[in-house]
Amino acid sequence: MSPAYVVVTVLGAVMAGFSAASLLLRVAWVVEPLTQYGVPRSWWTPLGLAKAAGAVGLLAGLLVRPLGVLAGIGLVLYFAGAVATVVRARWFSHVPFPLLYAAPAAASVVLALTA
């Protein structure tokens with residue numbers, strides 16, 4: 001297991017966990033844009049739990065690599081959906097934010113598959 005894989009995976013898990021906690025705790029700077037994007041409030045908890053599961057899955061992948069790969073792919077797909085939601089709402093200046101969270105998850109998958 002390479003040090004780069006460990007560092008990138010832990011970073012991705014911390015970022016996804018932070019994003020999940022921010023949504024589950026209904027932090028204003030997170031939920032206000034969701035309202036503006038048209039994301040129903042009833043989706044917020046399941047979306048937060050999906051991110052939390054992805055964070056846990058990335059960490060579990062340090063022990064069981066296929067689990068980490070699946071969690072990383074799930075997070076990349078989650079944040080791709082977030083990009084689509086932002087674009088659909090025509091808030092193009094917000095597109096970099098979900099990409100920033102997707103990047104370490106994607107890098108973790110690449111490093112896991114190339115190791």
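These legends go with a few close-up views of the predicted model.

Since this is a prediction, local features need pLDDT of at least 70 and side-chain atom pairs count only at pLDDT 80 or more, while totals for chains, interfaces and linings use all residues. Residues are numbered from 1 along each chain as its sequence is written, and side-chain values use heavy atoms, leaving out hydrogens and water.

View 1. Helices here are DSSP runs (H or I, at least four residues), numbered from the N terminus. Look for the buried residues of helix 1, among them Tyr5, Val8, Gly12 and Leu23; buried means under 20% relative accessible area, exposed over 50% and partly exposed in between, using a 1.4 Å probe on protein chains only. The buried residues of helix 1 pack against helix 2 (28-37), helix 3 (44-60), helix 4 (65-88) and helix 5 (96-114).

**View 2. Thr45, a residue of helix 3.** Thr45 has a relative accessible area of 34%, so this residue counts as partly exposed. Skip its neighbours within four places in sequence, and Thr45 is in contact (heavy atoms within 4.5 Å) with Leu24 and Arg26. Thr45 and Leu59 sit 14 residues apart in sequence and 21 Å apart in space, C-alpha to C-alpha.

**View 3. A cluster of rings: Tyr78, Phe79 and Tyr101.** Rings of Phe, Tyr and Trp (its six-membered ring) pair if their centres lie within 6.5 Å; planes under 30 degrees apart are stacked, over 60 edge-to-face, and the rest tilted. That rule gives four aromatic pairs. In one of them, Tyr78 and Phe79 have ring centres 5.0 Å apart and planes at 80 degrees, so the pair is edge-to-face. Phe79 counts as buried because its relative accessibility is 4%.

**View 4. Arg65 over the face of Tyr5.** Arg65 lies 4.6 Å from the ring centre of Tyr5. A charge sits over a ring if NZ of Lys or CZ of Arg is within 6 Å of the ring centre and within 35 degrees of the ring normal.

Notes
Helices (H or I, at least four residues) and strands (E, at least two) are DSSP runs, numbered from the N terminus.
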